[in-house]
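Hi,

Here is the structure I promised to pass on.

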Amino acid sequence: YDIAFAAYLLNYAANMDQLSKFCHVINKLLKPGGRFVAINNNPMDMECHHPDLAKYGFIKTCQCPGQAGARIQYKLLNDQGEVTTIVDNYFLPASDHIGALEAAGCSDVTFVPCDVA
């Protein structure tokens, strides 16, 4: 493929070994010179800062902020504010993401912060 896009995929890696496996599979699918674009939990947010998101239909909590492998939990809410689904993701720092992507053969790894208007 010329391009691969992943939304919240890398968050499911609980450790460096899992992240490395994800990155190797992604890179194998790309043609030489192909691009991988991802949107992910912020791997540079060592304190797990996030606003109150309940009005948007979910609650985000973090255990052991800044610690590699720390669980990030999303609780999805219905219109009555009741939890309907729980999704577990994991925190890995930017350095782990860069290392895993480069070890998989990716180059020019860049993080671009998302600005919410």
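Ala-4 sits in strand β1 (helices, H or I with at least four residues, and strands, E with at least two, are DSSP runs numbered from the N terminus). One thing before you read on: this is a predicted model, where local features need pLDDT of at least 70, side-chain atom pairs count only at pLDDT 80 or more, and totals for chains, interfaces and linings use all residues. Residues are numbered from 1 along each chain as its sequence is written, and side-chain values use heavy atoms, with hydrogens and water left out.

Back to Ala-4. Across in β2, Phe-36 stands opposite Ala-4. If you skip the neighbours within four places in sequence, Ala-4 is in contact (heavy atoms within 4.5 Å) with Ile-26, Leu-30, Arg-35, Phe-36 and Val-37. Ile-26 is 22 residues away from Ala-4 along the chain, yet their C-alpha atoms are separated by 7.4 Å.

The strand pair itself is β1 (residues 3-7) with β2 (residues 35-39), parallel and joined over five bridges; strands pair if DSSP finds at least two bridges between them. Ile-3 has Arg-35 of β2 opposite. To get from β1 to β2 the chain goes through α1, and this β-α-β crossover is right-handed (with the strands pointing away from the viewer, the path from the first strand over the helix to the second runs clockwise).

Stepping back, the chain has two helices and five strands, and along the sequence they follow the pattern β-α-β-β-β-β-α. The C-alpha trace spans about 50 × 30 × 25 Å along its principal axes.

Next, the other strands. Three of them make an open, antiparallel sheet in the order β3-β4-β5. β3 (58-62) and β5 (83-91) are at the edges with a single partner strand each, so one side of each has no neighbour in the sheet. From one strand to the next, the twist averages 20°. β3 and β4 (residues 70-77) pair over five bridges, in the antiparallel sense, and Cys-62 has Ile-72 in β4 as its bridge partner.

Now the helices. The axes of α1 (residues 16-29) and α2 (residues 94-103) come within 8 Å and cross at roughly 45°; axes are lines fitted to C-alpha atoms, for helices over the stretch in contact, and angles run from 0 to 180 degrees between N-to-C directions. α1 and α2 are therefore oblique to each other (under 35 degrees is roughly parallel, over 145 roughly antiparallel, 65 to 115 roughly perpendicular, and the rest oblique). On the α1 side the contact is made by Met-16, Leu-19, Ser-20, Cys-23 and His-24, and on the α2 side by Asp-96, His-97, Gly-99, Ala-100, Leu-101 and Ala-103.

Cheers
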